[in-house]
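Notebook open, structure loaded. I'm jotting down what I look up as I go.

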Amino acid sequence: MYHGAQDGWVEVISGVMFSGKSEELLRRVRRALIARKRVQVFKSHLDDRYAGVFSISSHDGSRLEAHPVSSSVQIAEFVRPDTEVVAIDEAQFLDEGVVAIANELADRGVRVIVAGTDMDFRGEPFGPIPNLLAIAEKVDKLHAICVICGDLATRNQRLIDGKAAPAEGPTIQVGGAESYEARCRRCHEVPRVARFQTELDMGETHPSH
Ligand code: ADP
Ligand code: ZN
């Protein structure tokens, strides 16, 4: 196994969609390249919204080549022994194994930069990001701007035909500005269709209540 000359570490860039995570990841990768580090960039194969699966892009349109992966094991397979910096974008779509892989890479001297949205559309912790935040040496939580009120946005609002999507939808549903917007805690809406329906049903079955 390769042992880097320097200590490795894990840094996580988290936050809501549109908060600039990809921009920040790209910035850090560009600077690592300027420092002549050997860098490899990965991203979940699920996210091919902008320029095809081979690049990561931020919402402002800048791009960098990235290797699409469907599981965390693939990252371990594709990382070359002499790589000094590993960047992983859209890590919320990856499996829990990415936590151990980030740790192993850092243990052998690699700087691991992970970006991912920390909450799903319901406002609940998303995939492996909570555990990545726990093991990271450095954590940044970015905010977007709430499109409703202009405050700092921390939540991903999922929309279906322009309306707040119900909590019962799938956790992973890849989309951009047409199906998500950034909102603050107050403006974030997650209607619970099933519970509402159950209450209605109970009301019908027990009209005296
Ligand atoms: P992320 O990776 O966190 O989804 P990106 O780096 O892809 O974010 O995009 C960030 C950019 O998105 C911002 O610099 C800005 O130009 C744009 N943007 C669009 N909507 C918003 C919003 N509601 N709040 C802040 N930035 C936004
Ligand atoms: Zn708001």
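I started with Leu159 and looked for its bridge partner in E12: that is Ala164. I'm keeping in mind that this is a predicted model.

Next I checked how the strands around that bridge pair up. Strand E11, residues 155-160, runs antiparallel to E12, and I found two bridges between them. Then I asked myself: in what order do the three strands of this open sheet lie? The order is E12-E11-E13, with antiparallel pairing. Strand E12 (163-164) and strand E13 (180-183) are the edge strands, as each one pairs on one side only. A reminder to myself from class: strands in a sheet pair through backbone hydrogen bonds.

Then I moved on to the metal. Which residues hold the zinc ion (ligand 2) as protein donors? I got Cys146, Cys149, Cys184 and Cys187, each through its SG atom, at 2.3 to 2.4 Å from the zinc ion. Written along the chain, the spacing of the donors reads C-x2-C-x34-C-x2-C. I also looked at where two of them sit: Cys149 is in the loop between strand E9 (144-145) and strand E10 (152-153), while Cys187 is in the loop between E13 and helix H5 (193-205). The two are 38 residues apart, so this pair links distant parts of the chain.

The ideal angle for four tetrahedral donors is 109.5 degrees.

Cys149 comes out at 35%, so I put it down as partly exposed.

How values were computed: Residues are numbered from 1 along each chain as its sequence is written. Chains are lettered from A and ligands numbered from 1 in the order in which they are written. This is a predicted model: local features need pLDDT of at least 70, side-chain atom pairs count only at pLDDT 80 or more; totals for chains, interfaces and linings use all residues. Side-chain values use heavy atoms; hydrogens and water are left out. Two strands pair if DSSP finds at least two bridges between them. Helices (H or I, at least four residues) and strands (E, at least two) are DSSP runs, numbered from the N terminus. Donors are N, O and S atoms within 2.8 Å of the metal (3.2 Å for Na, K and Ca); water is not among the atoms, so sites may look incomplete. Buried means under 20% relative accessible area, exposed over 50%, partly exposed in between (1.4 Å probe, protein chains only).
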